[in-house]
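Please open the model in the viewer and keep the selection tool at hand.

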There are 2 protein chains.
Amino acid sequence: MNSRLFSFVAGETGPWHIERVLAVKGESLAAAPCLDVIPSVTSGEEPGRGRLPPMWALRGITSNERYVTHEEKRSLVAKQQGLGRPDSTCAALIPIRKSEAWWALSQDERRKILEDRSAHIRIGLNYLPAIARRLHHCRDLGTPEPFDFITWFEFAPADIPAFDRLLGELRASEEWQYVEREVDVRLVRK
Amino acid sequence: MNSRLFSFVAGETGPWHIERVLAVKGESLAAAPCLDVIPSVTSGEEPGRGRLPPMWALRGITSNERYVTHEEKRSLVAKQQGLGRPDSTCAALIPIRKSEAWWALSQDERRKILEDRSAHIRIGLNYLPAIARRLHHCRDLGTPEPFDFITWFEFAPADIPAFDRLLGELRASEEWQYVEREVDVRLVRK
């Protein structure tokens, strides 16, 4: 058991109805009716054991912050709310993969692109607390994973336009030039 | 297959003879005669399949740099040499685990402790090219791992005193106050 590991399992069952799967960049994911978010499935286990085989399953692990400063963390913690709010009946699952060029950059170069020039942290902060999020890392799981990150977002239906603006701002940034695959999966709670 | 993943397998076979296992902090690892370093064993596979069961096996994955700046990277790349040098007949395997307090710090706080106040990168640079090293991450593999990092060092017998000084400088640093488990395994090539 690893309480930081989550599986996103698409198939015939699950509490989230998949409304749309959009390939933003690169290959898409298969259409599927439902999604389940399963915590604490260790690498050796099959997610969703005993059910119908999933149409696809992605895994990611929450981890320490890689770019956020002390002051930014204070601002985020003060404004953010958790997942699972009753009125957050909309969700988005956005897996991305970044290029080898991104991963070859040094820490200060990545921070400069991500925040100084792309305002990734500030943009996210602007949409708190409406848009709640949890970031999962996939690149260092030790298994061949199709994406580097999976972000799970939750929000109320009235905040769908705000969420689309948030994505538009990020996708227009210099940082996003390093994104070589991105899929945008939208969901509604059953 | 993941070319960044390595297994360190202790048992009856392997090209490295284990000379000493020392618990620096916290629980030790079992004594064993030999060690093998096996690349590209995916999470689902058993390391060293078909051999005698290992006495212990640790896994880690190389990854992007987490703290090094562009200038530091240039200095490191200019001075460092790879593993596998014919005269590097000595090795050390040093797995460590850091505390939850370390992982809860923001990126800038960790950088300040690691380099501004503990000179971790500068200390390592001082011992290049004599002490070659490869850092492996374990914390985000998605399986319960006993350590957060495994560092593998290679050097010539004449550089054993220098290597001991390097470890002494790191262990005396503020950063090492966050280390809650450390084992120091010394090896000689057969």
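Begin by selecting A:Asp140 and B:Arg66, whose side chains meet in a salt bridge with 2.7 Å from N to O. Please bear in mind throughout that this is a predicted model.

**The interface**

How many salt bridges are counted between chain A and chain B? The count is four. Next, consider the polar contacts: 20 residue pairs, both members at pLDDT 80 or more, are found in polar contact across the interface of chain A and chain B. On the side of chain A that touches chain B, the elements giving two or more residues are α1 (70-79), α2 (100-104) and α3 (107-117) of chain A. Of these, select α3(A), which gives the most to that side of chain A, with four residues.

Now display both chains together. In chain A, 31 residues are in contact with 31 residues of chain B. The size of an interface is often expressed as the accessible area that is lost when the parts come together. Here chain A and chain B bury about 2,500 Å² between them, and 42% of this is on carbon and sulfur atoms.

**Aromatic rings**

Over all chains, a search of the whole structure finds twelve aromatic pairs. Select B:Trp16 and B:Trp152, which form an edge-to-face aromatic pair, with 5.3 Å from centre to centre and 80° between the planes. B:Trp16 belongs to strand β2 (residues 16-25) of chain B and B:Trp152 to strand β7 (residues 149-155) of chain B, so the pair ties together parts that lie 136 residues apart in sequence. Are B:Trp16 and B:Trp152 buried or exposed? Both residues are buried.

Move to chain A and select A:Phe8, A:Trp16 and A:Trp152, which ring pairs link into a cluster.

**A charge over a ring**

Select A:Lys98 and A:Trp102 next. A:Lys98 lies over the face of A:Trp102, 3.8 Å from the ring centre. In chain B, select B:Lys98 and B:Trp102: the charged end of B:Lys98 sits over the ring of B:Trp102, at 3.8 Å from its centre.

**A residue in a strand**

The last stop is A:Leu135, in strand β6 (residues 132-137) of chain A. Because its relative accessible area is 29%, A:Leu135 is classed as partly exposed. Which residues does A:Leu135 contact, leaving aside its neighbours within four places in sequence? They are A:Ile61, A:Thr62, A:Phe149, A:Ile150 and A:Thr151. Finally, select A:Ser63: its C-alpha atom is separated by 8.3 Å from that of A:Leu135, although the two residues are 72 residues apart along the chain.

Notes. Residues numbered from 1 in each chain as written. Chains lettered and ligands numbered in written order. Predicted model: local features only at pLDDT ≥ 70, side-chain atom pairs only at ≥ 80, totals over all residues. Heavy atoms only, no water. Phe/Tyr/Trp six-rings, centres within 6.5 Å; stacked < 30°, edge-to-face > 60°. Buried < 20%, exposed > 50% of the residue type's maximum accessible area, 1.4 Å probe, protein only. Lys NZ or Arg CZ within 6 Å of the ring centre and 35° of its normal. Contact = heavy atoms within 4.5 Å. Buried area = accessible area lost by both parts, 1.4 Å probe. Polar contact = N/O pair within 3.5 Å; in protein donor to acceptor, adjacent residues only side chain to side chain.
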